[in-house]
Every structure is written in C-alpha cells, then in structure tokens.
Amino acid sequence: MTGADLERSLHDAVARLNGRAVVLVGLMGAGKTTVGKRLASFLDLPFVDTDEEIEEAARMSVAELFATYGEPEFRALEARVVARLTDGPPRVIATGGGAFMNEETRRILKERAVTVWLHADLDTLMERVLKRPTRPLLKTADPRATMKALMDARYPIYGTADIHIHSRNVKRDTIAREIVQSLARRPIPQKAAS
C-alpha cells in the first residue's frame with residue numbers, strides 16, 4: 001500500500017464511520033490495545049482501553065476487581081463503561097475479552113460502533129498472554145485448556161462482529177492497515193445514536 005493509497009483509505013475509513021466508534025473485540029492476547037493505539041493514530045482518533053477506564057473508575061486493578069467482587073459484578077461495570085464510551089464522538093476502543101459476550105453490550109455496539117474482531121490461533125494467544133501473568137481468567141491449573149475453552153465459547157459470538165481481522169505475529173502497523181482497508185470498503189452506516 002503506497003502512502004497515497006493509505007491516505008485515501010484513511011479518509012474513506014473515517015467517512016464510513018459516520019460518527020461511530022471503532023470497537024476492537026477478541027480474546028486476551030489478540031492485540032486489541034497495541035493494534036488499537038496504532039489504529040487510533042492512523043485515523044487521528046482518541047484511543048481508549050476499557051480495562052484502563054474501569055481500573056481508573058474503581059481505583060482497583062482488573063485482577064483485584066475479579067478477586068473482590070467476582071466476574072458478574074466486573075462484567076456489569078464493564079458494560080456500563082462500554083455504553084458510556086460509545087455515547088460520544090468517534091474513537092477507537094479496545095474492550096476486555098468478555099465485554100462482547102454481554103448481549104446488551106453487543107446491542108449497543110451494533111447501534112453505535114463498528115466492531116472489529118481480532119482473532120488469533122491458540123498458540124499465538126498463549127505466547128502473548130504468558131508474558132503478562134496478571135490475567136485473572138487464566139489463573140487455573142491449565143491456562144492453555146482454559147484459553148481453548150474460552151475460544152470455543154467466545155469465537156462464535158465474536159464472529160458476529162462487523163469486521164474480522166486475523167491477528168498474527170506481524171507488525172501492529174500491518175494489522176492496523178488491514179483494519180483501515182476493511183473500514184474503507186464498508187458501506188456507510190446510519191448516523192450513530194446519541
């Protein structure tokens with residue numbers, strides 16, 4: 001992709017968002033935060049990570065929230081944060097791995113955002129998540145089996161996202177450019193609800 005092609009794709013991608021956010025979904029380790037930051041830079045939009053927003057609001061880490069209040073309470077807080085972040089100007093949002101599993105969150109995202117599923121194979125995900133041992137869902141006797149179970153349960157739901165991008169071990173710029181190209185080819189959605 002030449003510089004001129006990228007510029008044209010960037011212009012088309014932003015126009016086709018029509019006021020909507022770009023929301024990255026997928027399992028932990030898929031690259032939502034690292035790719036999201038690069039994508040936001042390309043699109044000249046703000047970047048927000050829902051886990052960071054939750055930690056700031058709660059003044060606790062995600063792991064502490066899970067330990068103290070349990071997954072259901074964390075998911076309820078996560079759903080409120082996603083709803084708030086998509087009710088405003090366009091931005092790039094990286095969600096936690098479980099956010100898209102919430103039916104109400106998916107409904108809100110369908111109305112207000114373009115969702116991008118970053119999907120990766122099991123080996124790639126495990127290679128990445130083992131570098132950060134703070135993942136509460138992987139604090140099990142067999143983290144690989146846990147990740148495989150999460151893939152089996154979540155991939156069919158993630159598959160309902162608007163755009164699917166294969167996350168693999170290439171530069172984050174490559175993945176971000178693929179998202180830009182996919183956004184630039186999409187039909188223009190109706191104006192986002194506010």
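Which residues does Leu118 touch, not counting residues up to four places away in sequence? The first legend gives the list.

**View 1. Contacts of Leu118 in the predicted model.** Leu118 touches Leu24, Val25, Gly26, Ala30, Gly31, Lys32 and Val35, and also Ile165, Ser167, Ile175 and Ile179, with residues up to four places away in sequence left out of the list. Leu118 is also one of the residues that touch the most other members of the largest nonpolar core.

**View 2. The largest nonpolar core holds 59 residues.** Val22, Leu39, Leu43, Leu118, Met147, Ile179 and Leu183 touch the most other members. Helix H9 gives the most to this core, with six residues.

**View 3. Phe100 and Tyr158 form a tilted aromatic pair.** The structure holds five aromatic pairs. In the pair of Phe100 and Tyr158, the rings are 6.5 Å apart centre to centre, with 35° between the planes. Phe100 lies in the loop between strand S3 (92–94) and helix H6 (103–112), and Tyr158 in helix H8 (residues 143–158), so the pair ties together parts that are 58 residues apart in sequence. Phe100 is buried, with a relative accessible area of 4%; Tyr158 is buried too, at 0%.

**View 4. Tyr155 and Tyr158 form a tilted aromatic pair.** The ring centres are 6.0 Å apart and the angle between the planes is 50°. Tyr155 and Tyr158 are three residues apart in helix H8, so about one helical turn separates them. Both Tyr155 and Tyr158 are buried.

**View 5. Helices H3 and H5 cross at roughly 110°.** The axes of H3 (residues 50–58) and H5 (residues 71–86) come within 10 Å. Because an angle of 65 to 115 degrees counts as roughly perpendicular, H3 is described as roughly perpendicular to H5. The crossing of H3 and H5 is right-handed. On the H3 side, the contact is made by Thr50, Asp51, Glu53, Ile54 and Ala58. On the H5 side, Phe74, Leu77, Glu78, Val81, Val82, Arg84 and Leu85 take part.

**View 6. Lys171 is found in the loop between strand S5 (163–166) and helix H9 (172–185).** Lys171 is exposed, with a relative accessible area of 67%. The C-alpha atoms of Lys171 and Val114 are separated by 23 Å, and the two residues are 57 residues apart along the chain.

Technical notes:
Residues are numbered from 1 along each chain as its sequence is written. This is a predicted model: local features need pLDDT of at least 70, side-chain atom pairs count only at pLDDT 80 or more; totals for chains, interfaces and linings use all residues. Side-chain values use heavy atoms; hydrogens and water are left out. Rings of Phe, Tyr and Trp (its six-membered ring) pair if their centres lie within 6.5 Å; planes under 30 degrees apart count as stacked, over 60 as edge-to-face and the rest as tilted. Helices (H or I, at least four residues) and strands (E, at least two) are DSSP runs, numbered from the N terminus. Buried means under 20% relative accessible area, exposed over 50%, partly exposed in between (1.4 Å probe, protein chains only). A nonpolar core is a set of buried Ala, Val, Leu, Ile, Met, Phe, Trp, Tyr and Cys residues joined through side-chain atoms within 4.5 Å. Contact means heavy atoms within 4.5 Å. Axes are lines fitted to C-alpha atoms, for helices over the stretch in contact, and angles run from 0 to 180 degrees between N-to-C directions. Angles under 35 degrees count as roughly parallel, over 145 as roughly antiparallel, 65 to 115 as roughly perpendicular and the rest as oblique. A crossing is left-handed if the near helix is turned anticlockwise from the far one by less than a right angle, and right-handed if clockwise.
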